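Reader: I am new to this structure and would like to go through its aromatic residues. Could you show it to me, please?

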Amino acid sequence: MFEQQPQTLREKVQKLAHQSLDQSNPSAWFDILYAEAKGDAGQVPWAKLSPHPVLESWLNDRPITPEGRSALVTGCGLGDDAETLAARGFEVTAFDISPTAIAWCRERFPDSAVNYCVGDFFNLDPAWQGQFDLVEDSRNIQALPLEVRSQVIEAIAALVAPGGTLLIITRHRDNDSQPDGPPWPLSDRDLGEFSQWGLAEIQRHEFWDGDNTIKQLRVEYRRS
């Protein structure tokens, strides 16, 4: 978890994020962080080098027949969630704003079937709209400031195919007060915005970090 990282690393992340926001480029700091890590995943707070356990539990709890089904992992980081979905039989595309992160994925998984590519929430490939049977967004929306939240939610929602599923993994806050981030946890108001773009909430699973101090959610949506 972010709070369990060294103080100097947390301060670096917050400084980079606020500098990018001041420059009106709220996602620019990600590639700076990956590049300065110089191949050390310990310098990337969210890089666990393993898939998110709540994604794995979601997959294990459902009789999914993924063959021939497409999946997209947004903000894929170092690729562990994307590789997990590919191992389950999905045809996976995974993107990240950071060219360094994408190169790192390809180095970690040189024989991967995943289509790794550089992508930007604020300028996604129009050909991706409505094309994916499963879209997973793990902790990306919370890494971007509230000023751009609605824009990112709309962009993610547009990726889900008719009848498709969106899986959101995020920190959660109980009210709409201004959080001090990054990360900036999502509120119920934020999560409710997905309904404006044709997605219905199907299931909500609440979980906590290892110290039982930070509330998090896995929310499943379906496009009718």
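Reader: Is Y34 buried or exposed?

Author: Y34 has a relative accessibility of 2%, so this residue counts as buried. Buried means under 20% relative accessible area, exposed means over 50%, and partly exposed lies in between, with a 1.4 Å probe and protein chains only.

Reader: What sort of model is this?

Author: The model is predicted: local features need pLDDT of at least 70, side-chain atom pairs count only at pLDDT 80 or more, and totals for chains, interfaces and linings use all residues. Residues are numbered from 1 along each chain as its sequence is written, and side-chain values use heavy atoms, leaving out hydrogens and water.

Reader: How many aromatic pairs are there?

Author: The count comes to 9 aromatic pairs. Rings of Phe, Tyr and Trp (its six-membered ring) pair if their centres lie within 6.5 Å; planes under 30 degrees apart are stacked, over 60 edge-to-face, and the rest tilted.

Reader: Why is the pair of F30 and W46 edge-to-face?

Author: Their planes stand at 65°, so the pair is edge-to-face, with ring centres 6.0 Å apart.

Reader: And which of these two are buried or partly exposed?

Author: F30 is buried at 10% relative accessible area, whereas W46 is partly exposed at 27%.

Reader: How are the rings of Y34 and W104 arranged?

Author: The planes of Y34 and W104 are at 80°, so this pair is edge-to-face, and the ring centres are 6.3 Å apart. W104 is buried, with a relative accessible area of 10%.

Reader: Which residues form one aromatic cluster?

Author: The cluster is made up of W29, F30, Y34, W46 and W104.
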